[in-house]
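Here are some comments for a colleague who works with computed structures. Please read them with the model open beside the text.

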Amino acid sequence: MSEVASPERTATPAAPKVGFVSLGCPKALTDSELILTQLSAEGYRTAKTFEGADLVIVNTCGFIDDAVKESLDTIGEALAENGRVIVTGCLGAKTGDQGGNLVRQMHPSVLAVTGPHATQEVMDAVHANLPKPHDPFVDLVPNTFGIAGLKLTPRHYAYLKISEGCNHRCTFCIIPSMRGDLVSRPVGDVLGEAKALFEGGVKELLVISQDTSAYGVDVKYRTGFWDGKPVKTRMLELVRTLGEIAEPYGAWVRLHYVYPYPSVDEIIPLMASGQVLPYLDVPLQHSHPDVLKRMKRPASGEKNLERLARWREVCPELVIRSTFIAGFPGETEQEFEHLLDFIREAQIDRAGCFAYSPVAGATANDIPGMLPPAEREARRARFMEVAEAVSIAKLRQRVGATMQVLVDSAPGMGRKGGVGRTYADAPEIDGTVRLLPPEKISKTLKVGEFTRARIVGAEGHDLIALPI
Ligand code: SF4
């Protein structure tokens, strides 16, 4: 994901310009939003090109080798075209082969390097290299952007980050070494931000973290306050209150990165009663208990098939999205087939799969039995064939149903149709609904609004629907 941002606020003509590139996952995107909010609040403008900027900030990703390469290339490009570059994000926290900072090793001329979620450090580096503009309006008025700040997502959906870091040590993952242990945001702040986002027109709130079910573990589920009432810093209370706040706005709340702990059982009735979307993004990674043990996965001892079946009994509309790794070190053919059987039996609605990629610094690289890259890739392809068949069969069952669709795009008020999503599809990672031109002449479609639509067909991962 990469974008050059432009806040809407206009500053004085002499205000210095900062170029900004945001790479990586939704968590990195929320870091970018915080930095851009602060820059804008202080009167900096953003430049649309590297050449037109006084300096450039690159928010990097360091998760897999491709992301590292993309980040290093972008820094190189910004240096070549502008020369004054500040680097932040996960790659900024990575150590290189010779022990020093990787970014500094590869690009010694960068002005400053910080790790992820380091808004203040980035701002300090900006101030040191590009003095803060004097803007009589801004200097007299406290931060006027409110807690929701600037967003890089479209106006009608937003990511809400509830915590940073992770207490687990999955053997294939280097996130804890880059982002540290779990730190939960105060529940009052999270709920306040949610309310501000709904007030600002957000119709779909995507709750993100590294481990949503662990929310509050670090503060022993301390009681916080929101709207004058006590609320525990815990997933159940958080989700229930988010549902209550969303209701008057008719907005959706969608949960990502939820591990299948027994405590999640309590969330499912909230989905059945419509308080939050009946959609769970559960990164399972594998099904075989021995592979899960080698991965050191959270909740690896849970009986996931039984748990998913119970959840679906309580909430039959529940949609499960998950991600998996094929060709993990030591994975036998029999363990891999266990995974294929699991996908068929568990009826995972949306599944993504990575062929195992040996990320530098991950302990999984030392596990015996590394498979050749071609075999890892072949297993990924076999996985996707099975997963897609399950997913497509499930989509076809929706034909004939009437569903609520959130409109993402509707040129010309939707007279020629548009594109949207149902509760079953998260933005950017799942499928879409292709909306046909409405039959009724008076019916229009607007981005960020809901429409009822009759599902008339399925096309690959997407649905086709007629707005009614
Ligand atoms: S749960 Fe595992 S994969 Fe996820 S961030 Fe934590 S260590 Fe990484």
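How do the residues of the lining of the largest cavity divide into nonpolar, polar and charged?

1. The model is a predicted one, and in its largest cavity the lining residues divide into 7 nonpolar, 2 polar and 1 charged. The lining consists of 10 residues, with Pro260, Leu284, Pro298, Ala299 and Asn304 lying nearest the centre of the cavity. The volume of this largest cavity is about 60 Å³, and the structure holds 1 cavity of 30 Å³ or more.

2. Turning to the ligand, the residues around it include Cys166, Cys170 and Cys173, together with His168, Phe172, Ile175, Pro176, Gln210, Tyr259 and Arg297. Sorted by class, this shell has 7 nonpolar, 2 polar and 1 charged residues.

3. The domain assignment of the protein gives domain 1 as 17-129, domain 2 as 157-397 and domain 3 as 400-467. To their contact, domain 2 and domain 3 each bring 21 residues, while the C-alpha centres of these two domains lie 26 Å apart.

4. Between domain 2 and domain 3 an area of about 1,700 Å² is buried, and carbon and sulfur atoms give 58% of that area. On the domain 2 side, the residues that lose the most area to domain 3 are Trp252, Arg350 and Leu395, which together make up 33% of what that side buries.

5. The rule finds 3 salt bridges across the interface of domain 2 and domain 3. Arg350, already named for the area it loses to domain 3, forms a salt bridge with Asp425, and the closest N and O atoms of that pair are 2.7 Å apart.

Terms used:
Residues numbered from 1 in each chain as written. Predicted model: local features only at pLDDT ≥ 70, side-chain atom pairs only at ≥ 80, totals over all residues. Heavy atoms only, no water. 1 Å grid on protein atoms, 1.4 Å probe; cavity = no way out; pocket = protein on both sides within 12 Å on 5 of 7 lines; lining within 4 Å. Points joined across faces, edges and corners; volume = space filled by probe spheres on them. Nonpolar A, V, L, I, M, F, W, Y, C, P; charged D, E, K, R; others polar. Near = heavy atom within 4 Å. Domains from an automatic or database assignment. Contact = heavy atoms within 4.5 Å. Buried area = accessible area lost by both parts, 1.4 Å probe. Salt bridge = Lys/Arg side-chain N within 4 Å of Asp/Glu carboxyl O.
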